[in-house]
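This report describes a two-chain model, beginning with the chains and then turning to selected elements and the contact between the chains. Please consult the sequence and the structure shown here while reading.

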Amino acid sequence: MIEIIDLHKSFNNNKVLKGINLKIYDGETLTIIGCSGCGKTVLLKHIIGLILPDKGKVIINGVDITTLNEDALHLQQQNFGYLFQGAALFDSLTAEENVAFGLRNSNLKQQDIYRRTKWCLSQVGLSDVEKLKPAELSGGMKKRIALARAIARNPKYILYDEPTTGLDPIMADAINDLIIHLQKTLNVTSVIVTHDMKSAYKVSNRIAMLYDGKIIGIGTPDEIKNSDNPYIQQFVSGLSQGPIQLKIHEY
Amino acid sequence: MRNKFINSIIGIGKGTLLLYRVIIYIFKIPFETKNTLYQMIEIGFKSLPITSLTSLFTGMVLALQSGYSAISIFNEPLYVGTIVAFSLIKELSPVLTATIITGRVGAAITAEIATMKITEQIDALYTLGTNPIKYLIVPRFLACVSMVPVLTVFSNAIGIIGGFLVGTLNLEIPSTIYLSDSFDFLRINDFFHGLIKSIFFGGLIGIVSCYKGFECRGGAEDVGKATTSAVVTILVLILVSDYFLSALLVALGIG
């Protein structure tokens with residue numbers, strides 16, 4: 001289980017997270033929704049220890065990772081797969097080498113690494129692009145390769161940072177199907193950050209909304225859809241008028 | 001101005017801390033042998049043509065200038081070989097080689113690591129159980145520390161050949177006199193004087209270029225700024241530290 005307790009984070013006096021409390025249960029898919037720039041990615045990076053909080057705890061299976069030293073944190077990070085918003089594939093490596101990268105320091109033999117890489121690529125529906133470099137791949141392909149790389153080390157938790165952003169609707173839905181497929185076959189705990197409500201409704205067991213540095217509502221997709229919280233209602237309905245004010249008028 | 005000064009102090013502190021961590025990670029297993037060898041080829045072998053070319057012409061122009069200066073004073077090209085050999089081995093080869101490697105390699109290292117930083121590839125390394133200091137910085141640092149001295153030794157040799165060609169063909173100094181002028185006064189400590197400086201410059205290039213890349217935030221513009229800042233910082237540090245390092249080595253009796 002992942003437990004986040006009273007998490008605070010500021011960047012240059014800009015308070016991004018103002019006391020997040022959240023429990024993510026084993027085996028569930030939790031989606032965190034919220035406006036662009038509200039701190040969703042920052043929260044996700046706290047869960048894997050890429051950013052350290054100013055205050056608060058991130059407890060993974062009973063261990064507070066914010067207090068760990070570098071080596072112990074590395075061990076904890078091995079339980080995670082992370083799909084970055086821009087895929088973050090290594091430019092200098094081929095698709096196959098990218099997927100195999102996380103296995104390079106494992107005890108697996110070269111042949112087993114090759115087999116595992118093939119399997120991961122087949123799970124994301126890509127079996128003929130092994131030798132291509134990231135620059136030769138489309139946006140959707142990059143995301144899928146990145147997903148194959150994230151699952152290669154058999155993680156317990158997969159964190160998805162805006163998995164469908166920037167993709168066409170068909171490819172976005174294919175990624176959603178892939179997330180559900182991986183959920184069923186690998187039985188992992190998933191945390192997804194997105195503002196794509198269609199995707200959130202499709203893949204989630206629970207949805208949490210982040211607004212003004214706090215979780216303002218959490219529930220099943222139906223509960224969120226029918227929430228009487230005006231902020232959540234405005235966001236899920238995609239309305240520009242409501243309690244969430246954009247700063248467009250200032251310009 | 002005050003902010004700039006404070007930022008410089010913070011930068012020195014962070015850079016030193018990074019150097020400390022790099023040294024710790026050099027000795028931690030698993031060793032990045034393949035990666036380090038690849039960087040040694042990229043930084044060392046592939047820089048050889050450009051450093052050779054510049055040191056050849058540096059040796060040639062040194063011989064030409066010192067030869068004609070000597071002729072104007074003594075009516076004879078005296079001690080041209082000595083001036084060329086001492087200047088190259090103790091000063092010009094280490095500094096010029098480090099300068100060229102800064103432009104060719106330091107800038108590339110900063111740009112590459114900074115791009116990896118802003119495209120989250122550095123974060124991706126962490127999530128894949130790989131420490132970026134071990135995987136990215138240690139191989140580049142080791143390659144710079146080992147290859148800059150090697151290139152400097154080649155520069156010494158090629159520069160002396162350049163000086164020899166101008167001395168014998170243009171200034172018509174007999175080859176035996178030129179060679180005895182070059183090597184009779186040189187001691188092994190003079191050679192080590194240049195070599196120690198080049199090892200230091202290599203370390204400087206490695207650590208500053210990696211640090212500037214690692215600290216980059218933002219977008220494409222910031223990658224450009226980080227690269228420029230890395231090159232300028234390394235060049236200034238090389239030229240300033242060259243004086244103090246030379247003074248220290250002379251005081252220690254090395255050269």
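## Overall architecture

Of the 251 residues in chain A, 42% are buried. The model is a predicted one. Chain A contains 9 helices and 10 strands. Its radius of gyration is 18 Å, close to the 18 Å that the globule rule gives for 251 residues, so chain A is as compact as a globular protein of that length. Among the contacts in chain A with a separation of 6 or more, 64% are between residues 24 or more positions apart.

Chain B has 9 helices and 0 strands. In chain B, 87% of the contacts between residues at least 6 apart in sequence join residues at least 24 apart.

| Chain | Box of C-alpha atoms along the principal axes | Buried residues |
|---|---|---|
| Chain A | roughly 55 × 40 × 35 Å | 42% of 251 residues |
| Chain B | roughly 70 × 45 × 35 Å | 44% of 255 residues |

## Domains of chain A

The domain assignment divides chain A into domain 1, covering 1-79 + 155-242, and domain 2, covering 87-154. The C-alpha centres of these two domains of chain A are 24 Å apart. Where they meet, domain 1 of chain A contributes 11 residues and domain 2 of chain A contributes 10 residues. On the domain 1 side, the largest share, 5 residues, is supplied by helix α6 (residues 169-186) of chain A. That side of domain 1 of chain A comprises 9 nonpolar, 2 polar and no charged residues.

Strand β8 (residues 189-194) of chain A is largely enclosed by the rest of the structure, because 6 of its 6 residues are buried. The burial applies to both faces of β8(A): Thr189(A), Val191(A) and Val193(A) are buried on one side, and Ser190(A), Ile192(A) and Thr194(A) are buried on the other.

Two parallel pairings of this strand can be described. Strand β3 (residues 29-33) of chain A runs parallel to β8(A) and is joined to it by 5 bridges; in this pairing Thr31(A) stands opposite Ile192(A). Strand β7 (residues 157-161) of chain A also pairs with β8(A) in the parallel sense, over 5 bridges, and here Leu159(A) has Val191(A) as its bridge partner.

The loop between α6 and β8 of chain A holds Asn187(A). Asn187(A) is not a glycine, yet it has a positive phi of about 55°. With 10 other C-beta atoms within 10 Å, Asn187(A) falls under the limit of 12 or fewer and is therefore exposed.

## The β1-β2 hairpin of chain A

Strand β1 (residues 2-11) and strand β2 (residues 14-24) of chain A pair in the antiparallel sense over 8 bridges. Within this pairing, Leu7(A) is placed opposite Ile20(A) of β2(A). The hairpin has 2 residues between the strands, and Asn12(A) takes a positive phi near 50° in it.

## Local features of chain B

The peptide bond from Ile29(B) to Pro30(B) is cis, with omega near -5°. Pro30(B) is located in the loop between α1 (2-26) and α2 (33-43) of chain B.

Helix α6 (residues 132-170) of chain B includes Ile161(B). Having 14 other C-beta atoms within 10 Å, Ile161(B) is partly exposed. Ile161(B) and Ser55(B) are separated by 106 residues in sequence, while their C-alpha atoms are 9.5 Å apart in space.

Glu172(B) lies in the loop between α6 and α7 (175-183) of chain B. Although Glu172(B) is not a glycine, its phi is positive, at about 55°. Glu172(B) is exposed, with 9 other C-beta atoms within 10 Å.

Key. Residues are numbered from 1 along each chain as its sequence is written. Chains are lettered from A and ligands numbered from 1 in the order in which they are written. This is a predicted model: local features need pLDDT of at least 70, side-chain atom pairs count only at pLDDT 80 or more; totals for chains, interfaces and linings use all residues. Helices (H or I, at least four residues) and strands (E, at least two) are DSSP runs, numbered from the N terminus. A residue is buried if 20 or more other C-beta atoms lie within 10 Å of its own, exposed if 12 or fewer, and partly exposed in between; C-beta atoms are placed from the backbone. Two strands pair if DSSP finds at least two bridges between them. Domain bounds come from an automatic or database domain assignment. Two residues are in contact if their C-beta atoms, placed from the backbone, lie within 7 Å. Ala, Val, Leu, Ile, Met, Phe, Trp, Tyr, Cys and Pro count as nonpolar, Asp, Glu, Lys and Arg as charged, and the others, Gly among them, as polar. The radius of gyration is taken over C-alpha atoms; the globule rule is 2.2 Å times the number of residues to the power 0.38.
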